[in-house]
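Hello,

Here is the structure we talked about passing on. Please open it alongside this email; my notes follow below.

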Amino acid sequence: MLKIDDLRVVDEQRPLGSAEDPRHCDYLQAGKVILMQIPERYINHSCDPNTYVKTIDGVREVIALRRIAPGEEVTYDYCINGNGNTVWVCHCGASRCRRLIHSDFFHLPLELQREYLPLLDDWFRQERAAEVERLARGDTQDSP
Ligand SMILES: [Zn+2]
């Protein structure tokens, strides 16, 4: 279990410096952007992840989903708690790799949304409450 250091907030008053890489940013509740520190910034995405991130007592923690062997790469699925409209091609190598990834959680295949539902962080549940509620009910209709 790893506690994530979210102290480096990126905003208008505190923009990224020239040595800071926007790819190391993480996007949290209410549009909050943080610059991930070491080592968490090196955790790669996998479509078959072995960890997930959950806020506990106000601190985000990386929590194992299963036993991780020594030397095994630590990964999480960037789409869990994922917002935005970023699309990328994944090369994670997992047998269930989705290949073309959309950053928003609700773009995941429905069965995967259901599988990941218990892993969603509280801030994401609040921010996307209507959609989370609909998923939890098993109501896949888009109409209200
Ligand atoms: Zn993948």
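Cys25 counts as buried because its relative accessibility is 10% (buried is under 20% relative accessible area, exposed over 50%, partly exposed in between, with a 1.4 Å probe and protein chains only). The structure holds 0 disulfides, a disulfide being a pair of cysteine sulfur atoms within 2.5 Å. Cys25 is in none, and the nearest cysteine sulfur, in Cys79, is 18 Å away. Cys79 is buried too, at 0% relative accessibility. Its closest cysteine sulfur is that of Cys47, at 7.4 Å, which is too far for a bond.

**How to read the values**

This is a predicted model, in which local features need pLDDT of at least 70 and side-chain atom pairs count only at pLDDT 80 or more, while totals for chains, interfaces and linings use all residues. Residues are numbered from 1 along each chain as its sequence is written, and side-chain values use heavy atoms, with hydrogens and water left out.

**Zinc site**

Which residues hold the zinc ion as protein donors? They are Cys47, Cys90, Cys92 and Cys97, each through SG, at 2.3 to 2.4 Å. Donors here are N, O and S atoms within 2.8 Å of the metal (3.2 Å for Na, K and Ca); water is not among the atoms, so sites may look incomplete. The arrangement is tetrahedral because the 4 donor atoms subtend angles of 105 to 113 degrees around the zinc ion. The cut-offs: four donors count as tetrahedral if all angles lie between 85 and 135 degrees; four count as square planar and six as octahedral if opposite donors are over 155 degrees apart and all others between 65 and 115; anything else is irregular. Ideal angles for four tetrahedral donors are 109.5 degrees.

Along the chain, the donors of the zinc ion are spaced C-x42-C-x1-C-x4-C. Cys47 sits in the loop between β4 (44-45) and β5 (51-56), and Cys97 in the loop between β8 (87-89) and β9 (100-102), so this pair ties together parts 50 residues apart in sequence. Strands (E, at least two residues) and helices (H or I, at least four) are DSSP runs, numbered from the N terminus. Both Cys47 and Cys97 are buried.

**Salt bridges**

The whole structure has 13 salt bridges. The term means a side-chain nitrogen of Lys or Arg within 4 Å of a carboxyl oxygen of Asp or Glu.

Take Arg60 and Asp6. Their closest N and O atoms are 2.7 Å apart. Arg60 is in strand β6 (residues 59-64) and Asp6 in the loop between β1 and β2, so the pair links distant parts of the chain, 54 residues apart. Are these two residues buried or exposed? Arg60 is buried, at 8% relative accessible area. Asp6 is buried as well, at 16%. Beyond its neighbours within four places in sequence, Asp6 is in contact with Leu28, Ile34 and Arg60; contact means heavy atoms within 4.5 Å.

Arg66 and Asp48 also form a salt bridge, with the closest N and O atoms 3.9 Å apart. Arg66 lies in the loop between β6 and β7 (75-76) and Asp48 in the loop between β4 and β5, so the pair ties together parts 18 residues apart in sequence. Arg66 is partly exposed at 38% relative accessibility. Asp48 is partly exposed at 29%. Both belong to a network of salt bridges that links Asp48, Arg66, Arg96 and Glu115.

Arg128 and Glu131 meet in a salt bridge at 2.7 Å, N to O. Arg128 is buried at 14%, while Glu131 is partly exposed at 26%.

**Nonpolar core**

The largest nonpolar core has 29 residues; those with the most contacts inside it are Phe105, Phe106, Leu108, Tyr116, Leu120 and Phe124. Such a core is a set of buried Ala, Val, Leu, Ile, Met, Phe, Trp, Tyr and Cys residues joined through side-chain atoms within 4.5 Å. The elements giving it two or more residues are β5, β6, α1 (110-116), α2 (122-127) and α3 (129-137).

**Backbone points to check**

- Ile38 and Pro39 are joined by a cis peptide bond, with omega about 10 degrees. Pro39 is in the loop between β3 (33-35) and β4.
- Ala30 is not a glycine, yet has a positive phi of about 55 degrees. Ala30 is exposed, at 72% relative accessibility.
- Asp57 has a positive phi near 50 degrees. Asp57 is exposed at 78%.

Best wishes
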